[in-house]
Amino acid sequence: MQSGLVLMVGATGGVGQLVTAKLLERNIPVRVLTRNLDKAEQMFAGKAECVVGDIRDCNSLVSVIEGVRSIICCAGTTAFPSKRWEFESSLSPWDWLGAIFDRDRLIEKAKNSPMKADGEGVKNLVAVAPRDLERFVFISSVGVLRKGEFPFSILNSFGVLDAKLVGEQAIMNSGLAYTIIRPGRLIDGPFTSYDLNTLLRATTDGKLGVVVGTGDKLAGDTSRIDLATACVECLGNERVKNQVFELVNKGARPANIDWSSLFESIPAQ
Ligand SMILES: NC(=O)c1ccc[n+]([C@@H]2O[C@H](COP(=O)([O-])OP(=O)(O)OC[C@H]3O[C@@H](n4cnc5c(N)ncnc54)[C@H](OP(=O)(O)O)[C@@H]3O)[C@@H](O)[C@H]2O)c1
C-alpha cells in the first residue's frame, strides 16, 4: 500500500470527496487541488492540505505538484452544456437554439468544456507530474472506444468521450505509471457532507457486485462508493499498474469485495 503524498484533483466532487475520505481514513497524506479554497477548506481543513490550482492552467500546477508521489484525478465537467462549462457571458436563447445546428460554436464559448477540463487539463497534469510518480489514477468513462454506438453517441454529443480519450492517451503515452478506470453511469450520491465520517458510512443503494473488464465492452451503472474504493485500492497494486479497465456494478454483491482478486482477474494488457 502506498503511503506517500497523494494529489487529489476533483476532491470537492462526488467521487473525489469519497476518495479523499478513504485516503485520510488510511492515514495517507493528501494535498487537495482546488479552484475554490473556501469550499475545499470547509470539507478538509485540518485533515488535508488545500492548495489553489486549476488544471487548465499549467502555471498554477507547478508548485502544487512538489513532493507528490501519486495523483488521483476525479475532476471533470458535465457531458452536456451547463453552468459548470463556465460560459464567457450569459447565453441568449438564440445561442442555445443555435447549438442544435452548430455545437462547436457553443463549445467555443465555454471556458470549462469537456475538452478543456477532461482533455487539455489532464494533459497539463501529465506535463507537470514528477517522472518518478508512483501512480497516476485517472477516472475516464465507458464508451470511449464506442463513441459511434448508442447510447454513447448521444453521451458524446458535446465531446465528453473524445476528451476522456485525449486524457487517457496523454497518460498512456507519458511513460508515467498509471491506472485508468472507466466507470459506467455513476450512481450512489453525490453525497455532499462536510463530515468525513458521514461520507465513510455511506453505503451503496445498488446492492450489486463489482465487475471489471477490458476492451470497453461493459456498460451499466457504477457506484461512486465502489469507484472511490477502487481508486484507493489501485495505489501500490502492481497488478493494475499501467492497466485500463472498466468497472460496473452487476450480479450479487458479496459480503466483502475482494479488490486484489478482482484486479487479478483483469487480463494483462
Ligand atoms: N456522472 C457520470 O455518470 C460519469 C460517468 C462516467 C465518468 N464520470 C467521471 O467521473 C468523475 C467523477 O464524477 P463526479 O460526479 O464525482 O464529478 P463532480 O461531482 O462533477 O466533480 C468534478 C470535480 O472536478 C473539479 N473540476 C472541474 N473543473 C476543474 C478544473 N478546471 N480544474 C480543477 N478541478 C476542476 C470540480 O471542482 P470545483 O469544486 O472547483 O468545481 C469537482 O471537484 C469525473 O471525471 C466524471 O467525468 C462520470
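Trainee: How far apart do the C-alpha centres of domain 1 and domain 2 lie?

Mentor: They lie 28 Å apart. Keep in mind that this is a predicted model.

Trainee: Thanks! Which residues belong to domain 1 and domain 2?

Mentor: The domain assignment gives 6-77 + 112-264 to domain 1, and 85-111 to domain 2.

Trainee: And how many residues does the contact take from each domain?

Mentor: Domain 1 gives 11 residues to the contact, and domain 2 gives eight.

Trainee: Okay, on to the sheet. What is the order of its strands?

Mentor: Follow β3-β2-β1-β4-β5-β6-β10-β8. That is an open sheet of eight strands, and the pairing is mixed.

Trainee: Which strands stand at the edges?

Mentor: Those are β3 (49-52) and β8 (208-213). Each has a single partner strand, so one side of each is left without a neighbour in the sheet.

Trainee: How are neighbouring strands turned against each other?

Mentor: On average by 20°, if you ignore direction.

Trainee: What holds strands together in general?

Mentor: Strands of a sheet pair through backbone hydrogen bonds, and the pairing can be parallel or antiparallel.

Trainee: So are β6 and β10 parallel or antiparallel?

Mentor: Parallel: β6 (residues 178-183) pairs with β10 (residues 243-252) over five bridges.

Trainee: Which strands does helix α1 lie across?

Mentor: Helix α1 (residues 14-25) lies across β1 (6-9), β2 (30-34), β4 (70-73) and β5 (135-139). Against β1, the helix runs at about 160°.

Trainee: How many of the lining residues are nonpolar, polar or charged?

Mentor: There are 10 nonpolar, four polar and seven charged residues.

Trainee: Last one: what kind of peptide bond joins F150 and P151?

Mentor: A cis one, with omega at about 0°. P151 is in the loop between β5 and α6 (152-155). Most peptide bonds are trans, and most residues other than glycine have a negative phi.

Trainee: And what about the phi of E86?

Mentor: E86 has a positive phi of about 50°, although it is not a glycine. You will find E86 in the loop between β4 and α3 (93-101).

Conventions. Residues numbered from 1 in each chain as written. Predicted model: local features only at pLDDT ≥ 70, side-chain atom pairs only at ≥ 80, totals over all residues. Heavy atoms only, no water. Pairing = 2+ DSSP bridges. Helix = DSSP H or I, 4+ residues; strand = E, 2+ residues; numbered from the N terminus. Axes fitted to C-alpha atoms, helices over the stretch in contact; angles between N-to-C directions. Contact = heavy atoms within 4.5 Å. Nonpolar A, V, L, I, M, F, W, Y, C, P; charged D, E, K, R; others polar. Domains from an automatic or database assignment.
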